[in-house]
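Visitor: I have a structure to look at and have not seen it before. Can you take me through it?

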Amino acid sequence: MARTRAQDSRRDIRSLKAERRQVNKAIKEKSEQLKARQTLLGDLSTEFGRLLTSWGLPWISTAVIDRDTYLPVVDGQPFESLQASGGGIVTSVNLAYSLTLLTFGLDHADVLVPSLLVIDSPRKAFGNNASDRQRATEIYSRFRTLADAYGERLQLIIADNDPPPITSDSFGKVVFDYENPMVPGVDHPGPDHVTRVETQSES
């Protein structure tokens with residue numbers, strides 16, 4: 001009887017040791033995965049900060065990606081606060097963040113983000129002085145660099161009211177007007193026969 005209990009105890013000890021080895025192995029694997037993710041996030045944060053600050057925006061000195069939310073933090077302000085402030089800073093932060101994610105996904109197969117990016121009015125809230133025009137040129141130069149570097153691996157669709165400030169064979173231009181609507185075959189009745197959305201919201 002005592003011998004049976006001793007055998008059972010030794011068997012339990014072997015089982016616990018095997019389980020402990022498995023747990024330690026799992027902890028090591030998870031720690032290595034976490035370290036790799038933190039390294040990727042650090043690289044993403046560096047690229048985001050480098051891109052945003054390269055545009056020479058006077059109201060931005062530091063820009064990083066938060067390690068918990070994976071969202072931008074600019075000059076210590078979280079993304080939600082930046083969104084609430086509006087204006088050119090939001091346009092610039094959103095644009096830099098989207099472009100950084102796009103590039104990062106193309107460079108890292110394990111970072112799953114779409115290779116299609118639709119950008120609406122990248123110069124929104126910018127003025128027309130020399131500094132603003134220079135920033136617009138830098139932004140479009142970034143578009144050109146991406147198009148030249150990645151070719152058919154990505155697709156950029158940019159909606160802008162004005163022509164690009166730079167020329168590039170990588171850009172294809174599509175102009176929409178009353179004679180050439182965005183949806184072929186659907187004629188526009190003309191500006192005198194429509195009500196703008198903002199007009200409806202004001203009434």
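Visitor: Is S45 buried or exposed?
Guide: S45 is buried, because its relative accessible area is 13%. Buried means under 20%, exposed over 50%, and partly exposed in between, with a 1.4 Å probe and protein chains only. This is a predicted model, in which local features need pLDDT of at least 70, side-chain atom pairs count only at pLDDT 80 or more, and totals for chains, interfaces and linings use all residues. Residues are numbered from 1 along each chain as its sequence is written, and side-chain values use heavy atoms, with hydrogens and water left out.

Visitor: Where does S45 sit, and what is it in contact with?
Guide: S45 is in helix α1, residues 2–54. Apart from neighbours within four places in sequence, S45 is in contact with A63, V64 and I65. Contact means heavy atoms within 4.5 Å.

Visitor: How many helices and strands are there?
Guide: The protein has five helices and five strands. Both are DSSP runs numbered from the N terminus: helices are H or I with at least four residues, strands are E with at least two. From the N terminus the order is α-β-β-β-α-α-β-α-β-α.

Visitor: And how much of the protein is buried?
Guide: Of its 203 residues, 26% are buried.

Visitor: Which residues are closest to its centre?
Guide: Of the 29 lining residues, I158, A159, G172, K173 and V174 are closest to the centre of the largest pocket.

Visitor: Which element gives the largest share of the lining?
Guide: That is β5, with five residues. At least two residues each come from β4 (116–120), α4 (130–150) and β5 (155–159).

Visitor: What about I158, then?
Guide: I158 is in strand β5. With a relative accessible area of 28%, I158 is partly exposed. Its contacts, leaving aside neighbours within four places in sequence, are I119, P122, Y140 and F143. I158 and I119 are 39 residues apart in sequence, with their C-alpha atoms 4.8 Å apart.

Visitor: Where is R123 found?
Guide: R123 is in the loop between β4 and α4. R123 counts as buried because its relative accessible area is 18%.

Visitor: What does its side chain make a polar contact with?
Guide: The side chain of R123 makes one with the side chain of D160, at 2.8 Å. A polar contact is a pair of N or O atoms within 3.5 Å; within protein, one must be able to donate a hydrogen and the other to accept it, and residues adjacent in sequence count only if both atoms are side-chain atoms. A polar atom of the R123 side chain also lies 3.0 Å from the backbone oxygen of D162.

Visitor: Last one. What is the phi of S121?
Guide: Phi of S121 is near 55°, a positive value in a residue other than glycine. Most residues other than glycine have a negative phi. S121 is in the loop between β4 and α4. D75 also has a positive phi, about 50°, and is not a glycine; D75 is in the loop between β2 (72–74) and β3 (77–78).

Technical notes. 1 Å grid on protein atoms, 1.4 Å probe; cavity = no way out; pocket = protein on both sides within 12 Å on 5 of 7 lines; lining within 4 Å.
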